[in-house]
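Visitor: Could you take me through one part of this model closely, with the cut-offs behind each term?

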Amino acid sequence: MDVSLDLLIGAIVAGLLLGGFYAAVTAGISISFGMLDIVNIAHPGFIILGSYIAYIINIQFGVDPMIVSVVMLPVFYLLGTVIYQVYYLSFEKRGQESLRGLAFFFGVLFVTEVVLLLAFGVDYRYVEAPYIGPSLHFGPIDLPLRMLVPCLAALTMFTALQIFISRTFTGRAVLAVSQDQFALQLMAVDPVRIKRIAFGISIATASIAGALLVIIQPVEPSVGREYIGRVFAICVLGGLGSLPGTLIAAMLLGVVESITATFYGPSWAPAIAFGFLLLTLAFRPSGLLGR
Amino acid sequence: MSAILHVQGLSKRFGGFVALDGIDLEVQPGERLGLIGPNGSGKSTLVNCICGTLQNETGSVAFDGNVVDGLAAHERTHRGLARSFQLPRPFPSLTLADNLRIPMLYTVHKRAGTPLHAENVEARCAELLQMVGLANKGNHRPRDLTQVEMRKLELARAMAAEPKLLIADESMAGLSHSEIEDILALLVKLNESGITIILIEHIMTAVMSFSQRLAVLVSGKKIADGKPQDVVRDPEVVRAYLGE
Amino acid sequence: MAPFTLIAIAVATAVFLVIREPNIEYLFVAGYTIVQYIVLATAWNILGGYTGYVNFGSAAFFAMGAYSTVALVTFGNEIDELVPESLAPIFHLIFPLSIPTLIVIGGVVSGIVGFGMGYLTLRLRGAFFAIATLAMAVVLQTLVVNWEFVGGSGGAYIVRPGEFPGLGSYMQYLFALMLALAVLAIVTARAIERSRLGYGFAAIRDDELAAEASGVPTLRLKLVATTISGALMGMAGAPFPYYIGYLQPQSAFGLEYAVNSIAMPMIGGTMSWVGPLVGTLLLGTLQQVANVTISSAVNLLLVGLLLIGFVIVAPNGIVGLVQDRLRARRAK
């Protein structure tokens, strides 16, 4: 009994750390899907792209992956604005976002994965950093720094986003655009510009999430697909567009996944998130804290 | 005589915003009811709740003697409730004739129990298009139409469902004087054949000449309901339109 | 039988005989893949192009067909271990099941899966449905990977008989069956297009809210679309274990099925049965050539880029472009 309890506590702690990281991964989707209503299923692809960029620079120059991701923020932001512009002109303006917009992002996800596959092959890649390896110990609880540092970085980024959304003019404009585009126009703010900025930010978060991902686990091109379900499951469960809800849902998913992996084996983990998603969509589509 | 439409205590909120607050409304069979109110007063929301496009939180809607709460919109249409949308929602990839075919195939056909003959459907589509003044545009697509023509199509599509009660939501916006006369004449003719009509409009001359009874909605509440000439003189109504 | 159906059967027969002439086994192998995609693309388009609901999980429906075959064949091989002695003779009479029977069963299984998934998610917006299809694909793959009876992650071997009496190699038989399925898929799609059901689908695709208000029972029709689409995909998957010999979950649930089922109709044109056919023939042939000359990864990259390109530039696909050209010429 003692052993099981230790195992359970360990699983829960690991799950919480994982959950923090999941929140960072999902933050971008909370913005693009939750607030802007854009089903960007290519988001995990950008995260993996971020991972690989962090990996190359880390391996070549020994720079810490998180620093790489921060340096890459403007690049990812720019990429996001360009993609939004294409999406807007081709689909949103024509009112075709449901079928063609989805196919577009699916194509982008797919192309990203195949390009990475061609460039790097199927081998798992991992980065090197001083905090990968050592752990903190508090009694029966193990806190691998490999998980703890990304979790803390994730929470920092998440808090920064929340402050941006609730305190800055642009951030509040983003919230406004998600609720009432027309009213925003009446206030002489261009909704398209706001959405472009918001989408740019959502892709920028992928840069950071990618670096955190490759710290936590080795990556290969198809890893992104595992995260599609997780990301949307968390977003929907947390209530679309609610950043605090996303955090809670992410922690919840992390813990459930961790417990399942510990007691039933890791091969069931991918199904957990998706199962969550299907159940949430079927029974409580507005999520835990949704509007 | 029992009302064909009976709305009781209907309320609808969107998050914290109360769009409709305890609306009571009765419409008699064969009546011509006008519904007016400033923009944002909840007229379209009321229509959406009556027709099942939106679900109201509280209150009840009864149509033709039966409670329709919980029924999907398409089922209410089958029972004889039809509406046009304030912002036209045509089927963009279908021709105008095919736009009208949809309610015929799915409402009239359902009621009749037997499949309609192709020629009858064709003829009926042409007839409806003629009635609203779109006769030779049968095989055009909605994108070729002007805003005004799209509103006419909306009305024709609602008529194609052969309703007992037709709700015309701002079908006359932007029409010329003679076009308004045409549509009014059309609605009167429909009414004479037994169809109850609720007319939602901003064009006061049309509303006044058409309605047997007038209801006024302001900020989600019904503030007046009675004979048109009495309602327009009601101080509360005047205040709502002209401000304090 | 309707004239179109007869023509379709005639064309399929002609194709079979033409492919048979040079007696090169590879032609059957490549031809099977392309014709299989005709079925998948046409099936996808019934839900995607006609009704407007994107399915990212085509691979899952395909794999359900394949794995019901694997399960039934494995069961057939192990009757004596699994069934009480008294009942064994009955089972030995029924098993092994012929491939046409397996196809029907595969279709039923995938149809039920489609119905079930639709029931859970079709009340919500199209975007949620699309995400749910992705989710479902992963869940089903995880289940299969953990199901030892069908081989789990290690895979399953299905022995292909060497010959089919009267036809020649077994591959020819599989090819003929797939051609028959393609005929079925196209005839079904065309029948839907011209029917009351097709109008209902189009109304849902164009404006679901207005469709409801016009009396279209949108949920019911969407369920019909999902079920038919899923069933056809399952039927396409049922012979797959025989075709490939050794079936691993990664191949059955492979990404190329999801991408191609979407890319082929969207590039060909989603408004009618012609589009998926055109798209499949073009893309399918392109890929067979690319697989041999370049590499399968570059081939998939091309498909992805073409999909993005067409979706942005030519929303109605190749068929749409041709129609526009004809309309412009007629206007002159």
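Guide: In this predicted model, the C-alpha centres of domain 1 of chain B and domain 2 of chain B lie 27 Å apart; the assignment builds domain 1 of chain B from 1-41 + 55-71 + 210-239 and domain 2 from 81-163, with bounds that come from an automatic or database domain assignment. Because the model is predicted, local features need pLDDT of at least 70 and side-chain atom pairs count only at pLDDT 80 or more, while totals for chains, interfaces and linings use all residues. Residues are numbered from 1 along each chain as its sequence is written, and chains are lettered from A and ligands numbered from 1 in the order in which they are written.

Turning to chain A, its 12 helices and two strands (DSSP runs numbered from the N terminus, H or I of at least four residues for helices and E of at least two for strands) follow the order α-α-α-α-α-β-β-α-α-α-α-α-α-α. Its C-alpha trace spans about 60 × 45 × 35 Å along the principal axes. Of the 291 residues in chain A, 54% are buried, meaning that 20 or more other C-beta atoms, placed from the backbone, lie within 10 Å of the residue's own.

As for confidence, chain A averages a pLDDT (the predictor's confidence in each residue, from 0 to 100) of 85, and 93% of its residues score at least 70. The lowest mean, 68, belongs to helix α8 (residues 181-186) of chain A, and the highest, 93, to helix α2 (residues 43-61) of chain A. Where pLDDT is low, the predicted coordinates should not be read in detail.

Notes:
Buried ≥ 20, exposed ≤ 12 C-beta atoms within 10 Å, placed from the backbone.
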